[in-house]
Amino acid sequence: MHRVPVLLSLIAAAALLIVTPVIGYRPWPHLKPNSSDLMFGGSKKFEGSSEFVHMRYHMGPVLTGNITIHTIWYGRWQKSQKKIIREFINSISAVNAKHPSVTGWWKTVQLYTDQTGANISRTVHLGKEKNDRFYSHGKSLTRLSIQSVIKGAVTASTQPLPINPKSGLYLLLTSDDVYVQDFCGQVCGFHYFTFPSIVGYTLPYAWVGNSAKLCPGICAYPFAVPEYMPGLKPLKSPNDDVGVDGMISVIGHEVAELATNPLVNAWYAGQDPVAPVEIADLCEGIYGTGGGGSYTGQLLSDKDGATYNMNGIRRRYLVQWVWNHIVSYCTGPNALDQ
């Protein structure tokens with residue numbers, strides 16, 4: 001959800017940056033229009049539906065082979081936090097998860113194809129991991145230094161991450177004491193691809209930050225709310241970690257877009273590849289039936305009062321929906337009309 005001035009300023013800023021990542025935003029509860037309202041006209045169905053949205057394929061590659069996500073843990077992470085994120089990634093391809101499931105959410109992503117008609121892979125593996133617990137590039141990262149962190153992980157003298165340009169995704173996760181360029185004020189995560197001039201290879205990657213100390217009311221909403229909205233109560237997070245539970249939806253957002261638009265030349269709406277509107281952008285802030293504006297949609301609650309909308313292998317998660325180009329609206333496994 002964005003205001004027009006925010007969106008325009010981001011596009012202008014993007015044109016000036018050497019690195020222009022495709023950005024994955026998180027919902028700001030005080031901004032009512034969603035991205036499809038602003039760029040393509042009003043929504044009829046709320047859940048993002050609009051006849052004016054034209055999600056198009058631009059002939060670039062998508063990830064049709066088995067997908068492997070290699071993770072870089074930047075900063076200090078608790079074992080419990082890593083477990084929550086690892087299980088989410090493993091849940092994407094789980095076969096026995098209870099409905100509504102993360103696997104069901106990924107089925108919408110699988111609808112997207114390449115120019116041969118091959119679908120996005122149903123198989124997503126958790127790959128190798130690299131710990132950067134001593135903050136190799138400090139506690140304040142730029143978009144360029146993020147690529148240098150990835151370079152360090154794939155060229156390390158001991159246990160480097162595998163180099164897999166065709167079906168490997170590289171996920172850089174920063175701990176709650178690390179600031180990243182534009183974090184909180186504009187972004188909670190983004191994806192792009194590495195430059196051979198920096199890393200030596202063209203590798204699709206995403207960054208997502210833990211906002212628990214910096215801006216939970218922005219990047220971990222609805223599990224935290226902004227201080228200037230004292231009347232709004234936060235929802236209870238499903239895994240008792242506001243920062244990490246907030247990260248899960250951003251990770252899902254970025255992985256879905258990396259699968260369908262890894263080199264920023266495949267699936268997106270709009271005419272500008274510098275600032276494309278991708279399959280998760282169109283559904284920001286929508287987690288259930290009726291969602292749109294500042295309303296998340298109809299969600300589920302467990303016996304302890306925690307809020308979620310889909311099941312993983314053993315845990316529960318709140319993950320935003322993604323755009324279904326077949327029916328032209330946002331869909332998710334917890335939709336009431338399924």
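Student: Let's start with C219: buried or exposed?

Tutor: C219 is buried, at a relative accessible area of 3%. Buried means under 20% relative accessible area, exposed over 50%, and partly exposed in between, with a 1.4 Å probe and protein chains only.

Student: What kind of model is this, and how are residues numbered?

Tutor: It is a predicted model, where local features need pLDDT of at least 70 and side-chain atom pairs count only at pLDDT 80 or more, while totals for chains, interfaces and linings use all residues. Residues are numbered from 1 along each chain as its sequence is written, and side-chain values use heavy atoms, with hydrogens and water left out.

Student: Back to C219. Which residue is joined to it by a disulfide?

Tutor: C188, with an S to S distance of 1.9 Å. A disulfide here is a pair of cysteine sulfur atoms within 2.5 Å.

Student: What's the handedness of that link?

Tutor: The link of C188 and C219 is left-handed, with -80 degrees about the S-S bond.

Student: How many disulfides does the structure hold?

Tutor: Three. Another one pairs C184 with C215, and their sulfur atoms are 2.0 Å apart.

Student: What does the pair of C184 and C215 tie together?

Tutor: C184 lies in the loop between strand 7 (179–180) and strand 8 (189–193), and C215 in the loop between strand 9 (204–209) and helix 6 (216–219), so parts 31 residues apart in sequence are tied together. C184 counts as buried at 11% relative accessibility, and C215 is buried at 7%. This link is left-handed too, at -75 degrees about the S-S bond.

Student: And which residue is joined to C283?

Tutor: C330, at 2.1 Å from S to S. The torsion about the S-S bond is about -95 degrees, so the disulfide of C283 and C330 is left-handed.

Student: Where are C283 and C330?

Tutor: C283 lies in the loop between strand 10 (267–269) and strand 11 (300–301), and C330 in strand 16 (residues 329–331), so the pair ties together parts 47 residues apart in sequence. C283 is buried at 0%, and C330 is buried at 0%.

Student: What's the pairing in sequence order?

Tutor: With the bonded cysteines of the chain numbered in sequence order, the pairing is 1-3, 2-4, 5-6.

Key: Helices (H or I, at least four residues) and strands (E, at least two) are DSSP runs, numbered from the N terminus.
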